[in-house]
Amino acid sequence: MKGLLLKDFYNIARSGRLYLAMLLIYGVLSYANGGALMLTMVAVLFAMMLPMSAIGYDEKDRWEPLCLTLPVAPAVMVLEKYVLAILCCILGIALGGGVGWILGQLGGTGDMAGYPATVAAAMAVSLAYNAVTLPVNLRLGVERGRIVCILVLMIPFLGILMLERQGILENARIAQAAAWLTSGAGILAAAAALALLLVVSFLASLRLYRRKEW
């Protein structure tokens, strides 16, 4: 698996300059707005797109048919993408946090009280996104699966926007549920749900990958 991870990171490095440039732009915006929370969240959300880029490079280079001739089990091939998603998420936090620390030394981070909650939310969104889109990308490929990935991002956003316009998010029960999620029990429940989602996603990806025609 180490070799597979190195291969993907080498491929991702092809567009590394673009990601760093975008991170720098958001860093400047964060400094101008006096807060580093947005920068860290954006860095993690950028990182969640990297596994899809890695799959795209594999398709372009015709890597997977070649890999079938190697002594690598399909389970390892699929599991590596999930490990890559987790590592990219951690990398996004490290980069965002590092730039945020630099901004703090320059006096441009403002209040960091909500930093842990922002990081946790960004991580959850990143991993949940990959849990939903990895089976699609592994089965259909990046090009055909792109529409599904866009819908995965747009549908929750539009749903929240509609609920907000109708005033449903201001309901007392919604506020209580949101407060419960920030408690210890709520965090554990959310972490358990996310872990279950990743396991189900991995099993689905493995089944779809084994049935894929080359």
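The model is a predicted one, in which local features need pLDDT of at least 70 and side-chain atom pairs count only at pLDDT 80 or more, while totals for chains, interfaces and linings use all residues. Residues are numbered from 1 along each chain as its sequence is written, and side-chain values use heavy atoms, with hydrogens and water left out.

**Cysteines**

- A disulfide is a covalent bond between the sulfur atoms of two cysteines, and here the term is applied to a pair of cysteine sulfur atoms within 2.5 Å.
- The structure holds zero disulfides, and Cys89 is accordingly in none, with the sulfur of Cys88 as its nearest cysteine sulfur at 8.8 Å.
- Cys88 is buried, with a relative accessible area of 0%, and Cys89 also counts as buried, at 1% relative accessibility; buried means under 20% relative accessible area, exposed means over 50%, and partly exposed is in between (1.4 Å probe, protein chains only).

**Aromatic pair**

- A pair of aromatic rings is described by the distance of the centres and the angle of the planes.
- Rings of Phe, Tyr and Trp (its six-membered ring) pair if their centres lie within 6.5 Å, and planes under 30 degrees apart count as stacked, over 60 as edge-to-face and the rest as tilted.
- The structure holds one aromatic pair, formed by Tyr82 and Phe202, which is edge-to-face with 5.9 Å from centre to centre and 85 degrees between the planes.
- This pair links distant parts of the chain, since Tyr82 is in helix H6 (residues 74-105) and Phe202 is in helix H10 (residues 184-210), 120 residues apart; helices (H or I, at least four residues) are DSSP runs, numbered from the N terminus.
- Tyr82 counts as buried at 7% relative accessibility, and Phe202 is buried with a relative accessible area of 19%.

**Asn11 and its contacts**

- Asn11 lies in helix H1 (residues 2-12) and is buried, with a relative accessible area of 9%.
- Leaving aside residues up to four places away in sequence, Asn11 touches Tyr57, Asp58 and Asp61, where contact means heavy atoms within 4.5 Å.

**Leu158**

- Leu158 lies in helix H8 (residues 142-165), and at 41% relative accessibility this leucine counts as partly exposed.

Terms used
Helices (H or I, at least four residues) and strands (E, at least two) are DSSP runs, numbered from the N terminus.
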